[in-house]
Amino acid sequence: MLDMVWIRENAELVRQTAKWKKVDFPLDELLEWDDRRRGLRQETEELRARRNALTKEVEARLREGNPAESETVKEQVRELGGRLTEVEARLGESETKCRELLLRAPNPVSKDTPIGESDKDNVEIRRCGEPPAFGFALRDHVELGELHDIIDIPRGVKAGGPRSYTLKGTGLYLHLAVQRLALDVLTARGFTVMDVPAIVRPETLVRTGFFPGGEDQTYELSGENRWLAGTSEVPLVSLYSDETVDLKGPIRLAGMSACFRREVGSAGRDVRGLYRVHQFSKIEQVVLCESDPEVSERMLQEILANAEHILQLLELPYRVVAVCTGDMSLKTHKQYDIETWMPGRNAYGETHSASNLLDFQARRSNIRYLGTDGRLRYCHTLNNTAAATPRILIPLLENHQQEDGSIYIPQALRKYMDGREVIPAPQPAPGI
């Protein structure tokens with residue numbers, strides 16, 4: 001949510017931002033409702049002041065011993081009360097309408113955000129590592145999973161429907177090893193790790209900027225007034241809603257949770273394997289810091305570096321891209337994506353997304369802190385993936401496959417895998 005005064009002072013920027021982000025935001029309608037609200041608020045205050053003055057006049061007439069005159073003034077008070085009730089109802093309607101429209105206002109983008117239409121216009125910032133050159137026929141992660149009997153997609157679909165999967169044996173342990181590595185890295189870097197709810201109240205999705213607008217991507221629990229969160233960013237931020245937090249330093253949180261996304265609009269896209277699934281697990285970084293753009297930019301670079309460090313420990317080649325306006329969500333001010341090389345796709349695929357939201361979420365969630373000047377201010381909030389699995393298993397399996405069918409286990413994962421250095425090549429059945 002943006003400040004209404006700021007919107008009025010920067011109306012053209014807001015209008016341009018909506019165009020850049022392809023957001024259907026009725027700015028003129030909001031300004032009209034805000035004019036109406038301000039006029040009704042002034043009228044309400046004037047009517048209350050007149051009613052209070054007349055009430056005192058009634059008391060004065062009674063003290064003077066003029067009951068007839070006091071009755072005349074009482075009638076005026078009753079008339080003003082009726083008018084006030086009517087105006088207050090109209091004021092309530094205008095305030096509700098303004099809030100509904102404000103929730104659809106897009107967060108402005110940073111000055112260094114690329115202008116573009118889609119992810120094709122994202123700008124590469126840097127690369128780390130080179131895609132491996134294989135001297136043998138590649139297997140993608142689905143083939144590797146079947147070869148080692150660690151991924152079973154047909155049975156997953158049998159139980160859960162399209163875009164479902166099953167991780168078996170070593171596949172499950174690899175999935176858990178990546179999560180444990182991410183948790184250990186973040187703990188060492190000052191993050192408080194948390195297991196948070198995946199079932200959330202609808203207001204948490206509004207507070208964090210996923211609603212309105214993201215309902216079609218989110219699973220609702222019918223009859224429960226609850227939803228399944230698509231990221232632990234939702235509960236992590238909401239843990240501090242309606243609080244004044246102590247910001248002696250940034251609050252660094254790492255949430256572990258199951259995540260659920262409907263993937264509406266992705267029919268026919270990334271249908272093979274584990275890339276785009278309905279249920280997955282994620283370790284998410286969330287930071288609350290003071291409302292200083294320099295501080296939140298520094299935190300954005302920090303959480304981005306954390307994700308890069310994890311990928312380097314996994315010994316995976318990747319690139320960092322600056323996300324353009326047309327590929328950003330309504331709530332985002334500045335965003336980087338990390339795309340990891342996936343040999344089976346012969347392309348980089350998104351595995352991490354780091355965002356600075358300024359005070360957009362904190363205003364919605366009413367998360368404030370006491371500044372050094374003694375004034376209450378809204379925090380800045382940021383988020384970034386640390387590890388999302390099973391998607392990260394795609395590059396992990398594909399980049400580390402070896403000619404004999406075995407899969408190399410990066411050194412950083414071995415302590416979580418009983419010291420194993422490889423997933424050995426399957427041996428032919430006896431007699432074959």
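## A walk through the predicted model

Asparagine 346 sits in the loop that runs between strand β10 (334-342) and strand β11 (347-356), and in this predicted model its phi is near 55 degrees, a positive value in a residue other than glycine. Most residues other than glycine have a negative phi, and most peptide bonds are trans. Asparagine 346 counts as exposed because its relative accessible area is 60%, and exposed here means over 50%.

Is arginine 163 buried or exposed? With a relative accessibility of 17%, arginine 163 is classed as buried, because the cut-off for that class is under 20%.

A further backbone feature is found at the bond between phenylalanine 211 and proline 212, a cis peptide bond with an omega of about -5 degrees. Proline 212 belongs to the loop between α8 (202-207) and β4 (219-221).

Helix α7 covers residues 170-188 and contains leucine 172, which together with Tyr173 and Leu176 forms a nonpolar patch on the surface, the three having about 290 Å² of accessible area together. Leucine 172 itself counts as partly exposed, because its relative accessibility is 36%, a value that falls between the cut-offs of 20% for buried and 50% for exposed.

At the level of the whole chain, the protein is divided into domain 1, residues 4-104, and domain 2, residues 119-423. Where the two domains touch, 5 residues from domain 1 and 10 residues from domain 2 take part in the contact, while the C-alpha centres of domain 1 and domain 2 lie 45 Å apart. The area buried between domain 1 and domain 2 is about 710 Å², and carbon and sulfur atoms give 60% of that area. Which three residues supply 72% of the area that domain 1 buries against domain 2? They are Trp20, Lys21 and Leu103, whose share is more than that of any other three residues.

Note on methods. Residues are numbered from 1 along each chain as its sequence is written. This is a predicted model: local features need pLDDT of at least 70, side-chain atom pairs count only at pLDDT 80 or more; totals for chains, interfaces and linings use all residues. Side-chain values use heavy atoms; hydrogens and water are left out. Patches are made of residues with over 30% relative accessible area and no salt bridge: like charges are joined within 9 Å, nonpolar side chains (Val, Leu, Ile, Met, Phe, Trp, Tyr) within 5 Å. Accessible areas come from the Shrake-Rupley method with a 1.4 Å probe; for residues, only the protein chains shown count as cover. A salt bridge is a side-chain nitrogen of Lys or Arg within 4 Å of a carboxyl oxygen of Asp or Glu. Helices (H or I, at least four residues) and strands (E, at least two) are DSSP runs, numbered from the N terminus. Buried means under 20% relative accessible area, exposed over 50%, partly exposed in between (1.4 Å probe, protein chains only). Domain bounds come from an automatic or database domain assignment. Contact means heavy atoms within 4.5 Å. Buried area is the accessible area (1.4 Å probe) that two parts lose on being put together, summed over both.
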